[in-house]
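This briefing concerns the protein shown below. Please consult the sequence and the coordinates alongside the text.

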Amino acid sequence: MNRILDFDESYGIISSEAGVILRTLHNHAIERGYEIPLDLGAKDSCQIGGNLANNAGGLKVIRHNSMHANTIGLKAVMADGTILDNMTTLRKDNTGYDFKHLFIGSEGTLGMITECALLCPPYPNKKHIAMVTCKTFEDVLTLL
């Protein structure tokens with residue numbers, strides 16, 4: 001369960017099995033001019049299925065939003081063997097219930113995530129870095 005299944009460059013959506021290491025996803029996306037919206041210190045060892053099960057935030061959560069917002073499709077197996085197949089690469093799919101969001105952050109209590117499709121933003125050509133200090137927490141909120 002550690003294969004990258006597809007990368008749709010027209011939409012910037014990567015599909016993979018849950019056992020793919022986060023660094024592997026990063027490398028695959030960057031080669032195509034995109035980035036994975038999740039970045040963690042443990043990206044050399046953590047797996048995307050675990051990141052989804054824990055609703056990992058990471059370093060890019062303010063810029064790219066949460067795993068809920070970036071998960072387009074998901075496949076999971078429940079304890080009784082029932083397969084929830086919500087693996088889609090449509091950005092807007094309003095057909096029926098959106099069960100995938102129940103599994104993101106459930107930490108495996110509802111079932112095991114086996115596949116996912118993630119929205120990948122374009123990799124920035126330039127990055128600007130600024131150092132800003134704030135005197136109060138309210139100033140931090142205003143800045144954000």
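The model is a predicted one. The protein has 144 residues, 40% of which count as buried, and it contains 6 helices and 5 strands.

**Fold and dimensions**
- Starting at the N terminus, the order of elements is β-β-α-α-α-α-β-β-α-β-α.
- The C-alpha trace extends over about 55 × 35 × 30 Å along its principal axes.
- Among contacts with a separation of 6 or more, 58% involve residues 24 or more positions apart.

**Aromatic pairs**
- The whole structure holds 2 aromatic pairs.
- In the pair of Phe7 and Tyr34, the ring centres are 5.2 Å apart and the planes meet at 55°, so the pair is tilted.
- This pair joins distant parts of the chain, as Phe7 belongs to strand β1 (residues 4-8) and Tyr34 to the loop between α1 (22-31) and α2 (48-53), 27 residues apart.
- Both Phe7 and Tyr34 are buried.
- Tyr97 and Phe99 make up a tilted aromatic pair, with 5.5 Å from centre to centre and 45° between the planes.
- Tyr97 has a relative accessible area of 70% and is therefore exposed, whereas Phe99, at 38% relative accessibility, counts as partly exposed.

Terms used:
Residues are numbered from 1 along each chain as its sequence is written. This is a predicted model: local features need pLDDT of at least 70, side-chain atom pairs count only at pLDDT 80 or more; totals for chains, interfaces and linings use all residues. Side-chain values use heavy atoms; hydrogens and water are left out. Helices (H or I, at least four residues) and strands (E, at least two) are DSSP runs, numbered from the N terminus. Buried means under 20% relative accessible area, exposed over 50%, partly exposed in between (1.4 Å probe, protein chains only). Contact means heavy atoms within 4.5 Å. Rings of Phe, Tyr and Trp (its six-membered ring) pair if their centres lie within 6.5 Å; planes under 30 degrees apart count as stacked, over 60 as edge-to-face and the rest as tilted.
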